Structure formats: structure tokens, C-alpha cells
Amino acid sequence: MALWVKTSTVRVLRGRLESWTRVAPSGRKMLCQFCPTCGTRIFHQTVGQEGVLSIKPGTLNDTKWLRPVAHVWSEQAQPWVEAEADCLQFPGNPDDFGSLISAWQLKKQSGGMQKPNNSLEPTA
């Protein structure tokens, strides 16, 4: 799972992250940032697309308010996965994240995502 957001909307509140770089199936380089204490990956970011990053949603305290706006790598989906009819679908990584961010903003503005007052919300 990934929660793609504008890099400018994210800040690390405490501690520090370590990073390593891997080559994605597309051949692009991916910067992976993780907690040096436990090894949990926190963010991914495609090198050359520094304007957006992927938060691993399992690291958020409360994810009940999140709703998917897209399915990425849908060609690799398990046969039992049923994508929502109103979600964008990409067979692999999208070349541009603008459509993902626009879809997220539209869902947020239409009331499709109502976050609790005590959770961190990316403002992409």
C-alpha cells in the first residue's frame, strides 16, 4: 500500500530516518527511507520525481478515514482483489502523479474522506 502525497506537505516530527536506494521493476531508482531503530520503511520516493513521495499507510496511527482513489500495479493484483469502480487504475507505476493527487483532492473536497481531529493528514 502507498499513500502518495506532495513532499512539501510532509515533515518528520522527531527522530531521524536512514535511506537506501533500490532499482524498481521499471528501471527507475527508488529512495527508501526507514527507521534506523526498527527497520520499518516510512517513505519511498522515485528519484527524479522529488515533488511526491509515498507514505507507507501502515505507519499512520489512524487509517480508518482513508479511502483509495487509485490502484497501482493492478496488473499484479491477486484475482480476488476487486477495485472500486470510481478508482483510477494503473498497470504499473504512473508516469505522472498529477492524476492521483487530483483524484485525492476531489475525494477529499467531496467529503469522501473525513479524518478524525487527532490524526495527521497529508495536505496534498
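**Salt bridges in a predicted model**

K107 and D86 form a salt bridge, their closest N and O atoms lying 3.7 Å apart. The term salt bridge is used here for a side-chain nitrogen of Lys or Arg within 4 Å of a carboxyl oxygen of Asp or Glu. This pair links distant parts of the chain: K107 sits in helix α1 (residues 98-109), while D86 belongs to the loop between β6 (70-72) and β7 (88-90), 21 residues apart. Helices (H or I, at least four residues) and strands (E, at least two) are DSSP runs, numbered from the N terminus.

The structure is a predicted model, in which local features need pLDDT of at least 70 and side-chain atom pairs count only at pLDDT 80 or more, while totals for chains, interfaces and linings use all residues. Residues are numbered from 1 along each chain as its sequence is written, and side-chain values use heavy atoms, with hydrogens and water left out.

How exposed or buried are the two partners? K107 is buried, with a relative accessible area of 18%, whereas D86 is exposed at 57%. Buried means under 20% relative accessible area, exposed over 50%, and partly exposed in between (1.4 Å probe, protein chains only).

By the salt-bridge rule, the count comes to three. One of them joins K64 to D62, with 3.6 Å between the closest N and O atoms. K64 is exposed, with a relative accessible area of 67%, and D62 is buried at 17%.

Another salt bridge brings together the side chains of R16 and E18, at 2.1 Å from N to O. R16 is exposed at 53% relative accessibility, and E18 is partly exposed, with a relative accessible area of 31%.
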